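I opened my notebook beside the structure viewer and looked things up one at a time. Here are the entries, in the order I wrote them.

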Amino acid sequence: MANYFNLQYEDTAVTSPGTVELAYGNPTSNGLTIPASIYAGSGFTPTHYKMWGVELVEGEGVVTISGAEWIAYTDLRNVRLARHNDPQYAYVKFRDTSTSGTPETDNFQSNAVTFTFVEPVIHATTEWETDFEELGFESASANILKNETYATEVEFAKTNLDQLAFSGRNFAGLRLEPDTVYINPSSEIGELIGLNDLNYVAITKVFEADEVPMITVDYGNGYETLTAYDNTVKTTLSGENDGRVDNINWDSGTRTLTFDAYKFSTYGFCTVQKVEFTNDSQTGGYIGDTGVIRVYVQDTNGEPVENAPVSISGTGDSIGSFQESMPVDTGADGFAEFNFDVSSVGQVIFDGNVDSIYYTDPDITFTGQATISGASRSLLTQYEQIYKTYDYIDTVPGVNDSAVAEPTTPTVSGLSDSVLEHDLNVLRTLMKQLKGTDDWFSSPPTVFDPENTDAGHTENNEATLSTIAGNTLDAKTIITAINDSNSGNGFSITPGDEGFLFLTTLDYSVPADRRGLPIFESTTNSGSYQDEGEQDRVVGIDLINMETGAEFRDASGDIIFAKFHDGADYSGTGNGTDVYVKFYTEAGPYATVSGTDPNSIMMVYPKRKVMIEVEEHEWIRTDFVSSWEGDEIIVGQVNDLWSYTGASDNERDPDWASVGGMPIVYNQSSLKEALDALNDEFGDTTYSGTYISDGQSITGSLDNLDSSMFALSQTVTDGIAEKHVAVAVSGIAAGTSYQLPVGVSYTPSSMGVNMDVFLDGLLLAASSGEGGANADKDYAEISPAHVAFHFDVYQYSNITFKVRK
Amino acid sequence: MPYTPPSGDNVDFTFQGGYVPPAGDDVDFLFGIVAAITIESISRNIIYDDQLHTGFTTSVVRWQSSASGPYRMEIGGTGVSSGYLLQEGNTFGNFIVRTDITDDDIEGSTTFSGAGSYQFNIYVKSADNIWTPYNQS
């Protein structure tokens, strides 16, 4: 089961004695003719050999050793086996006549070859044309399966069918019927043909009639015609049918059709079924005109016949001549067209035929008419015009130019009767332009209609004028909102006002032109305005308190709004000059009240516009929600909020300023989290100490701490002394003033609390009384830089002063 | 019984016994018919260079495939299209194909290196677009 094998390649001659090999060493052969390789052995150059045991010349029988003759040497030749199934051998002997004595070799015996051939299986409707024995069995290069009754032959040739072999093969897939040749594609022979696109069989069929046959094929979808009348392949073939047949030849003398079939299913044959004048063929013309006559040829398979030679002959008056030389071949559509130039008055009967075998029936009568006045308007000319509209185009160049769309002179075929054709072509072109399609007859484009679609948003509505009507940008008005603060000054209100006269040149909305201000009520011009009595969603005016920026509300909190009234009813002029803005609550008209109502308001009022007038910056009317009257205000308020909080556009996570150490607020994602963190850090203001009270504010707590720390610092400061040491350079008499070291001073006190004095390390005590006047201790503090000892101080005594204050 | 994998892409295989699948995710399994090739006979195993030894220069190889499809006979190589293409065409199942190999075929191949043994590999592409593997046995 391996998929590989090895062969040894040798580039040196065999050193063994001579030998003869049959069939390249094959032990069996399906054919009688086989190759024989001959070798005389190393060192011997033969000029001749003789061979026996096999047939050397076909028909002369197997050569015997006694009948063998010397033959000029050749290393390879064909021999024929005897027809029996036993092992067969060839024998050979060599000689060299170029050498003295004409040496000869021994006899050499070949390998054994056994002939075997299994007769191929065929269908009952076929038989082999030649017996395989006559062809040498598998040695045959080709054989033919035929059915004599149906005069059909199919040739199987090894040169045309890759891997074709006959022995043991099954050809029963081929069936020959009276009018068909069928090979089952899934049969063994069918598969063999299908293995290679270049594989084919040659088919020959002899017909009884002279009718030219055309080849048809049926591969499951009914018969289709493959060939034209002239035995060429039809130009209209495509797909599977393209390349099915080739090398088609029709011998009309022997009525024999031959062709090569490449792809198999069922091949059949058809002939011409009918030849007829078409209904649009002209039946008359004025002298000087050209009548167009067409002939259609159809085969028995119902398809148009291509390349059929059509001739027309006439009987009757000689009234003109055809422009074409006969015959005229049909096109791929089966039509042959003729142009008959009318030269005189009379009638002629035209008869058409194909190959003088098939004839038109009925024929047509053509009438030549004398040219008459106004012929261009005659019924005949009109018929001709209609006829010429048979062919059309929808791409007329320059169609949008009056010279083309409305020509004053004939423009198409140069004949005055071509105007209708041209006009229709122009109309078709314009139709194509209007629909925006690839041609004038394609379906118009579709548009999306929310009332006629499905889950896939299918554009079901055809884009016709009726679907467009009512759906254009100016088909309906919309109500826009206009913010007016009287240039920031607001509209002044005086207590008791029921409204105010608003000066504006904007027109009132009227039925004839609904653009403008919606007027809720008019007495002077009652019934003149579109929105009289309309609901608040149309006519309502939002009022803003200029002092608070919120809605205008009364003392009870009810929203005050307004509606436009005809200015002419309120001492104004009215439409185009002014309009009255009248205040309302839900309960009805409202008069302002002193003290609670604002002195100045602004308003957002409605104005009708058509869609196409709306500017990109304009504001579609909205309702008030919690005093937010529109996006502009909301945006302003949001900006204020950003400014207030330090946030900005698209910022949702506060970006806290980076500080060192361990800040409380550094990674919180919201102000609330930050404040909570601060709360946690500051605690619940419950204290257990001395200087801060529970519930005390941070400021109060810090103030208490500050005061306490100041007092403590003072106490500490008071307890710190500066030490100064002096030596009595001479004795100091009691009661004399002694100056402290230069630059040292103190604050005298009654008890010496601001300075300590040591004498030779012994602490002295200050006398009481101002300046130590009582002299009741060791010394008196008599001045900031002097003391007076109450006893004598010896020379060289150490006097130390520790000054605290 | 030909194996039919369950539908869908998420087919988990558990390998038992001695088989170790290659590493990585890109393990492609091909389910389908692999044509089995049978070498029916080789008429002679030695081919002589006809420049030095006239005759005995042709060996007839008869082989068949269990499945129909295009085939390639290559000299050398370790898989389809890796050797020198000697012959290609179409065959169908269980149909004996005869191929005559001559010394010129070997001498003309890109793998020719003088006297020696040459391996010939036959590959058939089955209906599932799978070629017979190298050294099928």
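**Confidence.** I noted first that this is a predicted model. The predictor gives the complex an ipTM of 0.85 and a pTM of 0.54. For chain B I found a mean pLDDT of 83, with 77% of its residues at 70 or more.

**Contact between the chains.** I looked up who takes part: 28 residues come from chain A and 43 residues from chain B. On the chain B side, the elements giving two or more residues include strand 3 (58–65), strand 5 (84–91) and helix 1 (103–107) of chain B. Strand 7 of chain B has the largest share of that side, with eight residues. Sorted by class, the side of chain B that touches chain A holds 20 nonpolar, 20 polar and three charged residues.

Strand 1 (residues 4–10) of chain A and strand 2 of chain B run parallel and are joined by three bridges. Within this pairing, Gln8(A) stands opposite Ile46(B).

**A sheet in chain A.** Next I traced an open sheet of four strands, order 46-52-48-49, with antiparallel pairing. Strand 46 (722–727) and strand 49 (762–763) are its edges, each pairing on one side only. Inside, I followed strand 48 (residues 755–759) and strand 52 (residues 798–803) of chain A, which share five bridges. Met755(A) has Val803(A) as its bridge partner there.

**Helix 8 of chain A.** Is this helix buried or in the open? Zero of its twelve residues are buried, so helix 8 of chain A lies largely in the open. I tested its length too: at 1.5 Å a residue, residues 671–682 should span 16 Å, and the end C-alpha atoms are 16 Å apart, which agrees. Gly683(A) follows helix 8, with a positive phi near 80°.

Met326(A) and Pro327(A) are joined by a cis peptide bond, omega about -5°; Pro327(A) is in the loop between strand 29 and strand 30 of chain A. The bond from Asp361(A) to Pro362(A) is cis as well, with omega near 10°, and Pro362(A) is in the loop between strand 33 and strand 34 of chain A.

Gln163(A) has a positive phi of about 70° and, with 17 C-beta neighbours inside 10 Å, counts as partly exposed. Asp355(A) has a positive phi of about 60°, and its 17 C-beta neighbours inside 10 Å make Asp355(A) partly exposed.

Notes:
Residues are numbered from 1 along each chain as its sequence is written. Chains are lettered from A and ligands numbered from 1 in the order in which they are written. This is a predicted model: local features need pLDDT of at least 70, side-chain atom pairs count only at pLDDT 80 or more; totals for chains, interfaces and linings use all residues. Two strands pair if DSSP finds at least two bridges between them. The expected span of a helix is 1.5 Å times one less than its number of residues. A residue is buried if 20 or more other C-beta atoms lie within 10 Å of its own, exposed if 12 or fewer, and partly exposed in between; C-beta atoms are placed from the backbone. Two residues are in contact if their C-beta atoms, placed from the backbone, lie within 7 Å. Ala, Val, Leu, Ile, Met, Phe, Trp, Tyr, Cys and Pro count as nonpolar, Asp, Glu, Lys and Arg as charged, and the others, Gly among them, as polar. pLDDT is the predictor's confidence in each residue, from 0 to 100.
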